[in-house]
Amino acid sequence: LVMILIGNLFAKVLNLQKGESAALKNSISLMNSGNYGLPVSQLIFSQNPIGVAVQIFVLIFQNLLTYSYGMYNLLSTTKSLKDIVISFLKLPVFHALILGIIFQVGHIKLSQVFLIPIHQISDSFAPIALILLGAQLAHIKLKLLHRAIMGSLIGRLIIGPLTALGLIYLFHIDGVIAQSLFIASAFPTSRNTSTIAFEYDVEPELHAQIVLFSTLLSSVTVSIVIYFSYILFT
């Protein structure tokens with residue numbers, strides 16, 4: 001929630017256009033907690049499942065945030081409130097969420113006939129999304145010094161971890177949970193921001209570049225955050 005406020009502040013200060021503003025706000029508040037964050041946490045906390053469990057909660061929250069706040073940011077640039085609501089209701093993830101709740105509450109188990117293709121589709125999502133991102137980047141001119149990109153990189157990779165660190169101390173969190181939360185705050189911009197931007201044609205090239213540069217630079221910033229997490233919370 002703090003990062004949402006910071007993203008909105010950045011967008012106002014930089015005086016960006018609607019599409020660029022949506023890209024900046026989403027890139028700062030939405031992290032790649034899935035195919036990037038979860039494997040990193042599994043590697044770091046291989047001997048301590050609590051650290052991985054924390055990351056799973058972050059991942060769930062980030063997914064909900066992506067398809068609520070993130071979607072609204074994008075759709076509000078071109079659609080009315082009525083059209084936004086209709087677009088939300090058309091989202092496959094919306095119906096999947098309702099079905100998931102019904103199946104969990106009703107203790108309904110799917111047979112292998114359904115589970116096998118579902119798992120195969122699930123496993124193919126990340127590679128297909130990365131191929132799509134590569135296709136987006138294939139024929140565009142990279143602009144690292146674009147103010148929206150610079151703002152998003154500073155907000156996501158630097159201010160994000162510093163904000164998390166402040167909140168961790170504020171709420172007196174320590175140990176493995178503090179380590180996991182601090183590391184989770186450093187992950188780069190969610191790949192999903194680029195995917196949904198491409199779907200709704202809202203600055204798809206800008207979103208793709210933000211994801212690219214954020215992911216590349218995170219190899220340095222995430223390593224630094226991991227190092228300090230051991231110093232500060234061990």
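Leaving out residues up to four places away in sequence, Ser185 touches Met31, Arg156, Gly160, Pro161 and Ala164, where contact means heavy atoms within 4.5 Å. The structure is a predicted model, in which local features need pLDDT of at least 70 and side-chain atom pairs count only at pLDDT 80 or more, whereas totals for chains, interfaces and linings use all residues. Residues are numbered from 1 along each chain as its sequence is written, and side-chain values use heavy atoms, with hydrogens and water left out.

Ser185 is located in the loop between α9 and α10; helices here are DSSP runs (H or I, at least four residues) numbered from the N terminus. Ser185 is buried, its relative accessible area being 8%, because buried means under 20% relative accessible area (1.4 Å probe, protein chains only).

Consider next the nonpolar cores, that is, sets of buried Ala, Val, Leu, Ile, Met, Phe, Trp, Tyr and Cys residues joined through side-chain atoms within 4.5 Å. The largest nonpolar core has 21 residues, and Ile183 and Phe187 have the most contacts inside it. Two or more residues of this core come from each of α3 (37-44), α4, α8, α9 and α11 (204-233). Setting aside neighbours within four places in sequence, Phe187 is in contact with residues including Met31, Tyr36, Val40, Arg156 and Val222. Another core, of 15 residues, lies apart from this one and has Phe10, Ala23, Ile28 and Ala148 among its members.

The pockets remain. On a 1 Å grid over the protein atoms alone, a pocket is an open set of points where a 1.4 Å probe fits, with protein on both sides within 12 Å along at least five of seven lines, and lining residues have an atom within 4 Å of a point. A volume is the space filled by probe spheres set on the points, which are joined across faces, edges and corners.

The largest pocket has a volume of about 1,700 Å³. It is lined by 41 residues, of which Asn63, Tyr67, Val93, Phe125 and Asn192 are the closest to its centre. The largest share of this lining, nine residues, is supplied by α7.

The second largest pocket holds about 600 Å³ of space. Of its 22 lining residues, Leu1, Met3, Phe61, Ala164 and Leu167 are the closest to its centre. For this lining, α8 gives the most, with six residues.

Notes
Buried < 20%, exposed > 50% of the residue type's maximum accessible area, 1.4 Å probe, protein only.
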